[in-house]
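Hello, and thanks for asking me to take a look. My notes follow as numbered points, so please read them beside the model.

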Amino acid sequence: MPTATLLRPATDADVSRLVTLNNASIPAVPETPADDMVELLDASSLALVAVDPGTPADALGFVVALDGGEDWSGENYAWFEERGLDHLYVDRIVVGEQARGRGIGRLFYDAVFDAARTAGHDVVTCEVNLNPPNPGSLRFHGRLGFEERGQQLTKGGDILVAKLAADVSNAHAPASPAQLAVPA
């Protein structure tokens with residue numbers, strides 16, 4: 001029987017493990033060295049790790065989110081900022097391969113939507129790769145009520161992402177197939 005998964009705040013002691021998890025998930029997330037991970041965690045308004053209760057030091061995955069209006073230079077974050085949204089931006093959610101299928105992504109998003117509601121934000125925003133394709137993530141976000149707000153070529157034109165947003169007041173409402181197209 002699987003154990004319950006707990007969420008706790010990310011700490012400096014987690015950085016090495018977070019970098020390992022992150023870089024094992026390329027191309028869904030960008031490669032991130034330890035110094036950049038520390039900078040991201042420092043800038044975040046929400047940084048959580050998922051752990052098993054018996055091994056609370058061993059992160060199974062993590063989420064990092066930033067409030068709108070922050071001084072953050074990421075091109076994906078800037079796209080949402082340019083549109084004047086009152087948002088909590090999910091920079092990344094990473095779940096280690098051995099921990100997938102346990103509902104950890106959903107736990108992370110429950111915490112993200114709770115944080116967005118508490119802060120009074122209108123929407124939660126994120127992006128998902130279209131090229132290289134990440135259809136599983138698109139389906140997952142569609143089930144949580146995310147809708148596409150646009151697309152952008154990033155990383156010098158190498159990666160095409162869908163810009164997604166979900167209303168905080170309507171969190172986790174299933175998207176209709178027309179709201180979030182998953183490439184074949």
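1. In which strand is N129 found? N129 belongs to strand β5; strands here are DSSP runs of E with at least two residues, helices are runs of H or I with at least four, and both are numbered from the N terminus. Please keep in mind that this is a predicted model, where local features need pLDDT of at least 70, side-chain atom pairs count only at pLDDT 80 or more, and totals for chains, interfaces and linings use all residues. Residues are numbered from 1 along each chain as its sequence is written, and side-chain values use heavy atoms, with hydrogens and water left out.

2. Is N129 buried or exposed? N129 counts as buried because its relative accessibility is 9%; buried means under 20% relative accessible area, exposed over 50%, and partly exposed in between, with a 1.4 Å probe and protein chains only. The N129 side chain comes to 2.8 Å from the backbone oxygen of P27. Beyond its neighbours within four places in sequence, N129 has contacts (heavy atoms within 4.5 Å) that include P27, A28, N134 and I159.

3. R92 lies in strand β4, and R92 counts as buried because its relative accessibility is 8%. The R92 side chain makes polar contacts with the side chains of N22 at 2.9 Å and T32 at 2.7 Å. A polar contact is a pair of N or O atoms within 3.5 Å; within protein, one must be able to donate a hydrogen and the other to accept it, and residues adjacent in sequence count only if both atoms are side-chain atoms. Residues up to four places away in sequence aside, R92 also touches V29, P30, L40, F62, V63 and V64, among others.

4. The largest pocket holds about 1100 Å³ of space. Of its 44 lining residues, A28, V29, R92, I93 and V94 are the closest to its centre. On a 1 Å grid over the protein atoms alone, a pocket is an open set of points where a 1.4 Å probe fits, with protein on both sides within 12 Å along at least five of seven lines; lining residues have an atom within 4 Å of a point. Grid points are joined across faces, edges and corners, and the volume is the space filled by probe spheres set on the points.

5. Strand β4 gives the largest share of that pocket's lining, seven residues. By class, the lining has 21 nonpolar, 12 polar and 11 charged residues.

6. The largest nonpolar core has 28 residues, of which Y109, V112, V124 and F146 touch the most other members. Such a core is a set of buried Ala, Val, Leu, Ile, Met, Phe, Trp, Tyr and Cys residues joined through side-chain atoms within 4.5 Å. Helix α4 supplies the largest share of this core, seven residues. V112 touches L46, V63, L88, V90 and V124, leaving out residues up to four places away in sequence. A second, separate core of 21 residues includes L18, V19, M37 and A59.

7. L164, in strand β7, is buried because its relative accessible area is 0%. P9, in strand β1 (residues 6-9), counts as exposed because its relative accessibility is 54%. P9 touches D14, A47, L48 and V49, not counting residues up to four places away in sequence.

Terms used: Nonpolar A, V, L, I, M, F, W, Y, C, P; charged D, E, K, R; others polar.
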